[in-house]
Amino acid sequence: MEKIKVLLRGAYLPMKSLLAFVFIALALVSVNDFLVSAYILTHTQASLLLLTGAMIAIYGYVHITKASYTKHQRDSYAWNIMNNSPEMVWAVNTEYKLLFFNEAFRSSIKLFSGHDCRLGDDVLAIDMAEDNSKWKELYNKALRGITFTFQDTISVAIGIASYENSFQPLKSPKSGRIEGVTCVSRDITWKVVQEKKLRESNEKLRMVVDGAKLGIWDLDVKTWKAQYNDQLKGMLGYPPKESDGSQVAWQNLFHPDDRDEALDLMKKHIKGEIEMIDMEYRMQHKDGRWIWIHNRGKVMERDSDGRAVRALGTHTDITHRKLVESELQKLSLVASKTHNGVVITDANARVAWVNEAYEKMTGFTLAEIAGKSPADAVSGPDTDSAVAERIEEKLAGRQIIREEVVYYKKNGEKIWVALEITPIFDAMGNLERFISIETDITERKKHDNQRVILEAAVKNIAEAVLIINKPCEKNDAMYKVVYSNDAFSKMTGFSPEEVEQRNPISLLRGPKSDSGKLAKVFDAITSESYIQEDLVSYKKNGESFWINLAVSPVGDLSNNNQHYFVAIVKDISERKQAQNEAQGLTSELISRNKELQEFTQIVSHNLRAPVVNILGLTQIFDKSQAFNQYNLKILKHLTESAQQLDTILIDLNDILQVKESSTQVKQKFILKDLIQQVLSSFILQIEESGAKISVQADESIQLEVIRGYAHSIVHNLTTNALKYRHPRRPLELEVTSYTTETDLVLWVKDNGLGMNTKQIEGKLFKLYKRFHNHVEGKGMGLFLVKTQVERMGGTIKVFSTLGKGTAFRVAIPRENCLVEQEEMQYALEVK
């Protein structure tokens with residue numbers, strides 16, 4: 001039918017011409033033939049004219065028919081191309097009715113709104129966007145003869161999609177009048193995302209360079225000309241446009257004592273004799289003063305003959321650090337003369353120097369604890385953890401600290417020490433170091449403890465108290481109660497008169513008493529040592545009840561040769577009853593927990609099967625049948641979602657394996673070797689980030705544990721440090737291990753982003769908890785670390801300050817992990 005229309009349109013003009021010529025011929029025949037010659041002549045001319053017209057008509061018919069068919073074929077090709085285009089193409093008339101549209105437009109509208117488009121549909125009645133009134137304004141703008149392009153975003157199931165839309169007036173080819181609007185919409189989501197990532201990457205790089213205050217130099221080795229950034233020029237006091245780029249000009253700024261050595265090192269590196277440029281020297285500031293520069297650089301490009309072509313490096317102003325080091329030397333000279341122990345640390349509370357008095361007081365030398373935490377070096381079983389935490393908090397808060405704490409000498413002897421720690425700041429208010437003055441107050445504490453115990457026996461009337469005398473000879477019958485308070489009478493029903501002069505053991509003993517525990521109490525009294533025990537005792541009416549008995553020896557202030565014992569008695573019957581109930585509940589919980597673990601394993605195993613099936617189906621799915629780009633995206637996200645679910649199930653199985661892995665085989669290995677092995681796996685990240693890694697581990701520390709646990713702990717803590725490093729300074733990561741009398745201790749410390757420990761309290765080691773979202777992660781690492789540490793009977797603590805850094809301390813009992821060696825030095829804390 002379409003071809004017939006084309007043929008009719010092509011034949012219209014020649015048929016019209018033929019009819020015209022026939023009409024003229026007929027008119028000529030009807031003329032008066034009064035002149036035969038004129039008639040013949042006229043008839044001949046009409047015939048010729050008619051023949052000529054017919055030929056022209058036939059030629060026009062053929063030519064126009066061919067042109068019309070060619071144009072139709074060309075339009076068909078164009079329509080096929082447009083219909084198969086991934087871009088949405090459509091046109092509307094002045095009444096917003098659809099004139100035409102391609103398949104991409106139809107399928108997209110159907111997907112978004114469920115409407116199946118047809119020619120003549122009102123586009124404003126189709127739910128194409130959240131605000132169709134905006135589209136009406138756009139159509140009207142194009143109907144006014146304006147061609148324009150704009151970007152738009154829409155929310156879809158897989159996120160935010162970006163589109164570039166082009167609107168153009170649709171004009172009549174004959175009259176030039178605007179009859180509608182043609183529209184083209186292109187998906188530019190990928191382009192927008194990539195542009196955003198590029199902007200963010202450039203901004204981060206700029207922030208790192210600006211935040212670190214790094215001077216950048218770029219040297220053309222062949223011409224010996226260099227380019228410098230504004231930071232480097234500013235270090236020496238030169239504006240960006242004033243400084244000379246020649247190396248000769250900059251070499252003239254070197255200190256005379258440093259110039260030759262600095263140039264020699266640079267030439268050696270350019271020749272390939274040393275790996276990189278890393279040196280410190282002095283340069284002259286524009287105002288005439290000398291500043292210290294740390295120069296690090298490397299040849300980045302060499303020609304085919306190995307000759308250096310281009311070198312790149314950084315300058316860092318370390319003048320302040322050099323001044324601090326000089327001041328520290330002067331301060332050390334003064335502190336070395338005092339009789340009190342003096343400890344000077346850096347801003348991270350790491351030992352930089354101790355005086356001779358400190359070494360005598362603790363037995364630790366500077367070489368043994370330099371660069372370590374002084375608190376860890378002298379902590380022990382009786383060190384008050386609350387005091388230690390309070391000190392850590394005040395150090396983090398840069399506050400003055402005054403505390404009394406229990407220290408342990410290198411030989412294991414316990415002493416009391418009074419601390420006064422003062423933070424030292426520079427002129428800009430930046431923390432430089434801490435200075436700690438430490439005094440041995442052991443003798444004073446002995447008298448204080450005696451006074452406190454006596455005051456408690458007299459004043460603390462809420463507790464039941466007995467005072468027992470010490471006889472001249474160690475005989476059971478001679479130990480007698482000399483005092484009991486009202487609280488004891490109310491608890492037991494015995495009056496003071498009934499209690500006094502009685503043997504304390506006979507007072508506590510009854511039918512169900514534990515003779516072994518009573519013997520321990522007696523032995524502690526006779527050996528003048530402290531003891532605390534839970535016992536079954538009896539009231540005056542014969543009723544049994546549980547008590548907690550704490551007995552302490554106390555010197556008699558009026559007679560130094562005579563001592564007393566103070567016994568604090570507490571009724572713990574309710575607590576014991578609760579404990580018995582708790583034991584029953586614990587047994588039940590253990591059984592329920594085992595059932596829950598078995599159920600979890602079954603569920604995780606059964607869930608993985610359909611997930612694996614989904615992943616398999618997505619792999620064999622014929623992507624060529626996806627029809628359009630949007631379906632391919634949906635398939636991609638379906639695959640990713642299935643992979644994420646599979647990962648969660650694998651994680652769940654990993655956790656269950658950790659919970660049930662007590663039967664795994666333990667291995668013997670050197671801890672330091674394992675730490676080095678883990679760090680070597682991050683060598684690319686370390687080099688790219690410029691991180692500084694410090695490992696302090698005694699090579700004699702040999703472990704016998706499940707190696708996978710130890711590897712996972714070090715790996716996850718190192719991964720956290722690299723992920724959450726501070727964007728404005730190079731990462732400084734310290735991995736330290738040492739042994740104490742009771743534990744193997746592992747520290748992993750960094751100067752990264754840090755955390756607000758108050759806000760994350762109780763959440764840090766929870767499963768799938770994350771506190772920084774700018775990097776990828778699952779929030780599972782710390783949960784696994786804590787689980788693995790606890791499986792080895794250990795503990796993990798975190799010390800962190802927002803913006804300053806984070807430290808994790810892992811402590812595992814020696815008997816659970818260490819392979820004892822004769823040469824191993826016990827009782828060491830932080831070296």
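**Strand pairing in the predicted model**

Val 299 stands opposite Ala 311 in β10. The structure is a predicted model, in which local features need pLDDT of at least 70 and side-chain atom pairs count only at pLDDT 80 or more, while totals for chains, interfaces and linings use all residues. Residues are numbered from 1 along each chain as its sequence is written, and side-chain values use heavy atoms, with hydrogens and water left out.

Strands (E, at least two residues) and helices (H or I, at least four) are DSSP runs numbered from the N terminus; two strands pair if DSSP finds at least two bridges between them. Strand β9 (residues 290-302) is joined to β10 (residues 308-317) by 9 bridges in the antiparallel sense.

An open sheet of 5 strands has the order β7-β6-β10-β9-β8, with antiparallel pairing. β7 (225-228) and β8 (277-284) are at the edges with a single partner strand each, so one side of each lacks a neighbour in the sheet.

β1 runs antiparallel to β5 (residues 178-187), with 6 bridges; Ser 185 in β5 is the bridge partner of Met 88. With β2 (residues 98-101), β1 pairs in the antiparallel sense over 3 bridges, and Ala 91 stands opposite Phe 100. The β1-β2 hairpin has 4 residues between its strands, and Tyr 96 in the turn has a positive phi of about 65 degrees.
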